[in-house]
Amino acid sequence: MTFSVHGLAVSRGVAIGRAVLVASSRADVGHYFIDAEKTDEEIARVRISRNAVMEEIMRLQHELPKDAPHEIAALLDVHLMLLQDEMLTSGVKRWITERLYNAEWALATQYELIARQFDEMEDPYLRERKADLEQVVERILRHLKGAASPLQCASARGGRAGASRKQSQQDLLLDDTQDVPLVLVAHDISPADMLQFKQSLFAGFATDVGGKTSHTAIVARSMDIPAVVGARSASQLIKQDDWVIIDGDAGVLIVDPSPIILAEYGFRQRQGELERQRLNRLLHTPALTLDGERIELLANIEMPDDTPGAVAVGAVGVGLFRSEFLFMGRGGRLPDENEQYLAYRKAIEGMHGLPVTIRTVDIGADKPLDRLAGKQESHLNPALGLRAIRWSLADPPMFLTQLRAILRAAVHGKVNLLVPMLAHVGEIRQTLELIDQARAQLDARGMAHGPVRLGAMIEIPAAALMVPVFLKYFDFLSIGTNDLTQYTLAIDRADESVAHLYDSCHPAVLRLIADTIAQCKAQGKSVSVCGEMAGDVTMTRLLLGLGLRSFSMHPSQILAVKQQILRADTTKLRPWAQEVLLSEEPGALL
């Protein structure tokens, strides 16, 4: 009987195949007490298993192909860091020695304790790092049980099926059992396993857990693999060898499809492949509207190694370099000035003379990389607390270190410096004073530094309502639509009970965006959108109609947005955009 399972669409495309199941390693953890004289033996079991996992990951790092997405290498580093985390190892020892828990029970218990701390984090990206901790714990548990990596087992089960796989999707029959594609269904997939996934036979995957900013989703998008995450009980509802369609566009899994449904999705799959080929033809086409308006398409990046991908899809610069990724996965140790300088320089040189916009670190007191993370501090609402520029201004030495690194890197190319989450004139003045101080410090050292254009993020309603003041101090503005929507609607995106109210098409949100664009245009200052809205093709026409001429997005979205631009006539979109702004339900008109 055909049924569907709904989750989150995180990587576009359609995959069709037989299901290969990977169950959660914690599902059958043994719980028993040990004798007091065997505590050292149990601790040794955990240590040996942990070391074995570390060796596995370091081997994977060593064998990493040159063309592997940089996200995989970064995520393997995160897993190594977690394996060496003192809170995890000392906690497990305590449960064994004080409570006489067996090794598996102690490890699972300590995981649940740390996982609750991740659940309390406000930032979606960092909250979903709990999944990385879970993956590390599961790998250790597998070694404690003497089991292999689940993808190794899954690949072995699917090996013969893929050995001579030559059939196209449209030729598949529901009663085929050999020579058919395979799709992976799991509770979760670790980055280390994702590396094996890339080299394996699977056409797509689905997981019970994860979010749009989870590591699994990030790697899936970088590999361009159809994927659905957060499908909750998918691994329990789907049986081994079930036919599964993974609709990565809609976030839906269709299990045991009828021949008619299979044929329909096979057709959609072929259409998707043709569409990608058509988009690639736009690579060298200038981003011009039908009425001759030139549009700037920029890339959002997390690490310097992202720049080749941005250049490859025709980005005319980096509109957002999220510098906080340089601070992550370091156990609270912050990168020094020279380390940051080299990273920024690499990104600048990687863009071959195109401009790079570096956002100062967007970190808060709720982040585990905070140097105070070891202290048991509680924050009632971290999203409204000490984060982004507030955190930077509260730690001038750290902020000056980053500013000096950026200014030094500016010698090597065009650099824009972007400041997040400003809301007060006092914050603006203090920030500018520190930038001047950083320049003076470099002059005193006799170190070269280059000019930078200064910009501010508009992501708080207060900032959007005082754009004229911001434009007195800054050369450009960048609208962060994700946070602007959250703060305007008082919606905690992490709270499932109100997440459905998160709506970037809300009239109030659109009005703030429209007013910001209009005021920048009136004063001859540049403005861009760097949030998820910029890469959403359903919003491209509206943003063009509102006067936006600079979009910054994930590199994989650039060609699809360019296609919308090439088909648009801004003279016709302007009056329509005003109608949308006046509507009580703007989303219905898009």
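**Exercise 1.** Determine how far helix α22 (residues 558-566) is enclosed by the rest of the structure, and name the elements against which its buried residues pack.

*Solution.* The model is a predicted one, in which local features need pLDDT of at least 70 and side-chain atom pairs count only at pLDDT 80 or more, while totals for chains, interfaces and linings use all residues. Residues are numbered from 1 along each chain as its sequence is written, and side-chain values use heavy atoms, with hydrogens and water left out.

Step 1: helices are DSSP runs of H or I with at least four residues, strands are runs of E with at least two, and both are numbered from the N terminus. Step 2: take as buried any residue under 20% relative accessible area (1.4 Å probe, protein chains only); in α22 these include Ile 558, Lys 562, Gln 563 and Gln 564. Step 3: eight of the nine residues of α22 are buried, so the helix is largely enclosed by the rest of the structure. Step 4: its buried residues pack against α11 (259-280), β9 (296-301), α21 (540-545) and β16 (550-553), where contact means heavy atoms within 4.5 Å.

**Exercise 2.** Describe the largest nonpolar core and the surroundings of Phe 470.

*Solution.* Step 1: such a core is a set of buried Ala, Val, Leu, Ile, Met, Phe, Trp, Tyr and Cys residues joined through side-chain atoms within 4.5 Å. Step 2: the largest has 95 residues, and Phe 470 is among those touching the most other members; helix α15 (residues 396-409) supplies the largest share, eight residues. Step 3: beyond its neighbours within four places in sequence, Phe 470 is in contact with residues including Leu 422, Ile 428, Ile 458 and Leu 477.

Note on methods:
Buried < 20%, exposed > 50% of the residue type's maximum accessible area, 1.4 Å probe, protein only.
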